[in-house]
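Trainee: I am new to this structure. Please take me through one part of it closely.

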Amino acid sequence: MKVLVSDNLSELGVQIFREAEGIEVDVKVGLSPDDLKQIIGQYHGLAIRGATKVTADIIAAADNLKVVGRAGTGLDNVDIPAASKRGIVVMNTPGGNTVTTAEHTISMMMALARNIPQATSSMKQGKWEKKKFSGTELFNKTLGIVGLGKIGSVVADRTMGLGMRVVAYDPFLSEEQAKQMGIRLCTLQEVFKEADFLTLHVPLTDETRNLICEKNISIMKDGVRIVNCSRGPVINEDDLAAAIESGKVAGAAVDVYAVEPPGLTRLVSNDKVICTPHLGASTQEAQDNVAVAVATQIRDYLLDGTIRNAVNAPAVAGEALENLKPYLDLARRLGSFLGQTIQTGIKSVEAQYSGVVTDMELKPITTSFLTGLLTPIVADEVNQVNAPMVAKERGILMSETKVSRGEDFLSLLRFTVVTERREHLVEGTLFGKSEPRMVRYGPFRGEFDLSGNLVLLQGYDKPGVIGKVGTALGAKGVNISHFQFARKIPGGEALLFLNTDSRVEDAALDELRSLDYVESARRLTI
Ligand SMILES: NC(=O)C1=CN([C@@H]2O[C@H](COP(=O)(O)OP(=O)(O)OC[C@H]3O[C@@H](n4cnc5c(N)ncnc54)[C@H](O)[C@@H]3O)[C@@H](O)[C@H]2O)C=CC1
Ligand SMILES: O=C(O)C(=O)COP(=O)(O)O
């Protein structure tokens with residue numbers, strides 16, 4: 001497995017790749033988009049920070065890429081839908097830079113309140129401008145926080161210690177959660193109206209883009225000070241610059257920009273604006289945290305499929321993964337079996353779980369079934385990341401339920417696939433702790449081993465059929481390793497399920513089909 005580190009990652013992270021058996025790492029920082037596109041095809045993993053832009057164009061060239069790991073939080077530099085479509089897991093490292101970014105925010109707010117950068121610069125010109133740089137206290141002022149997530153809540157906690165009154169807006173947080181932090185949740189309008197200082201800690205989304213614009217600034221307090229250590233496009237830079245020039249906004253502290261580096265924009269050039277070059281996460285501690293986290297996550301995914309902190313796949317790790325793995329395997333086999341027997345368009349998939357499996361995370365199991373089901377049907381690679389998307393694109397309705405069924409099995413997985421023509425049902429369970437078995441196919445019950453070369457014969461339960469099948473295959477040199485016979489009623493419809501040591505060629509299949517009482521013969525590989 002080859003991993004490319006394309007941004008400045010702490011050495012501790014690179015070391016983890018170097019020490020991992022089965023991983024080869026290249027560190028190439030500062031590649032142009034064209035250069036990255038040229039080489040990305042060789043890599044299975046990509047470790048980045050914010051500088052590398054993983055666009056749809058790069059992803060289209062990433063023929064072997066399985067995982068993109070962001071050492072940090074914001075993923076606005078990764079085209080997540082494009083990655084998901086190609087089955088590439090996208091991960092970040094939440095929490096690793098939270099304290100550092102919160103501390104930077106508070107440093108920026110204090111520096112802004114006391115004009116520290118401007119005063120420093122003045123002194124370095126030999127001046128002593130005491131009056132010009134008189135500032136304002138934070139004590140007893142209202143801090144408005146937009147986005148009370150990890151960073152926002154650390155900012156809240158620390159600034160309450162400075163005697164600030166904190167109000168916050170976060171539509172995804174409950175009153176109760178905010179109350180536990182001792183913070184009053186308000187509407188966005190209230191936060192804008194009440195804040196003496198306003199700080200932004202939201203991800204860049206369609207809702208947050210351009211949030212600080214002329215219209216919203218107009219409802220803020222005169223003399224408000226604005227801090228942005230989230231993402232540049234959350235602020236309309238021209239509107240903010242204009243509001244500072246007019247005196248409506250007293251000043252701004254900015255770490256992130258619409259375009260990075262921004263050059264000498266109207267905002268950056270303004271004396272009342274203090275700025276840092278996207279330094280929010282730049283401390284040794286945070287960089288070590290996020291590099292170690294991302295390298296460990298990428299390594300574990302590439303080497304054993306453990307998914308942690310992915311934004312486009314359910315998280316499965318550690319002990320939970322160990323318990324889940326046999327079920328993931330069982331579900332994939334059941335899916336693969338049906339995917340190879342179904343011949344018409346799929347309308348819906350229903351997953352029903354009963355027994356001890358219901359204590360586990362079921363979504364990955366359903367996705368694993370889908371992966372098996374869709375792989376024989378669609379041309380592109382289908383995996384845990386893109387299977388739900390592929391199903392959705394094909395208009396397949398999904399449902400997943402837990403049922404209590406007084407069955408004979410410790411756990412039972414039932415999947416019902418409805419096609420344009422009919423309903424296909426399979427049930428599966430684990431024998432022992434990890435032996436996957438299909439125990440029902442439509443009306444037929446048995447103990448079917450879904451592995452290797454299979455032949456599925458449907459016909460009628462008549463004397464001599466089994467012998468003829470064995471003789472026909474034997475004549476072609478095919479050895480049967482496992483044999484299951486199931487029927488509804490004596491003499492009625494029957495199923496012959498064969499595991500063979502070698503692949504059954506077309507001629508042998510044709511011969512099986514020509515036998516009396518054999519209606520169909522199908523070859524499957526699982
Ligand atoms: N300047 C820097 O170097 C850094 C910047 N960041 C930026 O800070 C952002 C926040 O980071 P974390 O706190 O770790 O993420 P988080 O996911 O813990 O918090 C984000 C919060 O924003 C809230 N939110 C989402 N949409 C919202 C909306 N429309 N209005 C109000 N709130 C909304 C969410 O509910 C969540 O609570 C990141 O997305 C990233 O863009 C993060 C780390 C370093
Ligand atoms: O983690 C984040 O979201 C950041 O913005 C930090 O960005 P960086 O790793 O310094 O490019």
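This is a predicted model: local features need pLDDT of at least 70, side-chain atom pairs count only at pLDDT 80 or more; totals for chains, interfaces and linings use all residues.

Now place Val90 in the chain. Domain 1 takes in two stretches, 1-93 and 281-313. The chain also has domain 2 (98-275), domain 3 (314-442) and domain 4 (452-525). The C-alpha centres of domain 1 and domain 4 lie 48 Å apart.

Next, the core. Val90 belongs to the largest nonpolar core, which has 95 residues. Val90 is among the residues with the most contacts inside that core. Ala47, Val68, Ile88, Val89, Leu334 and Leu413 are the others named for this. Helix 13, residues 284-304, gives this core its largest share, 9 residues.

Look along helix 13. Its 21 residues should span 30 Å at 1.5 Å a residue, and the end C-alpha atoms are 29 Å apart, so the two values agree. Gly305 follows helix 13. The phi of Gly305 is positive, near 80°.

Last, ligand 2. The residues around ligand 2 include Arg49, Gly50, Ala51, Gly72, Thr73 and Gly74. Asn97, His278, Gly280, Ala281 and Ser282 are also around ligand 2. By class, this shell has 8 polar, 2 nonpolar and 1 charged residues.

Technical notes
Residues are numbered from 1 along each chain as its sequence is written. Chains are lettered from A and ligands numbered from 1 in the order in which they are written. A residue is near a molecule or strand if its C-beta atom, placed from the backbone, lies within 6 Å of it. Ala, Val, Leu, Ile, Met, Phe, Trp, Tyr, Cys and Pro count as nonpolar, Asp, Glu, Lys and Arg as charged, and the others, Gly among them, as polar. Domain bounds come from an automatic or database domain assignment. A nonpolar core is a set of buried Ala, Val, Leu, Ile, Met, Phe, Trp, Tyr and Cys residues joined through C-beta atoms within 7 Å. A residue is buried if 20 or more other C-beta atoms lie within 10 Å of its own, exposed if 12 or fewer, and partly exposed in between; C-beta atoms are placed from the backbone. Helices (H or I, at least four residues) and strands (E, at least two) are DSSP runs, numbered from the N terminus. The expected span of a helix is 1.5 Å times one less than its number of residues.
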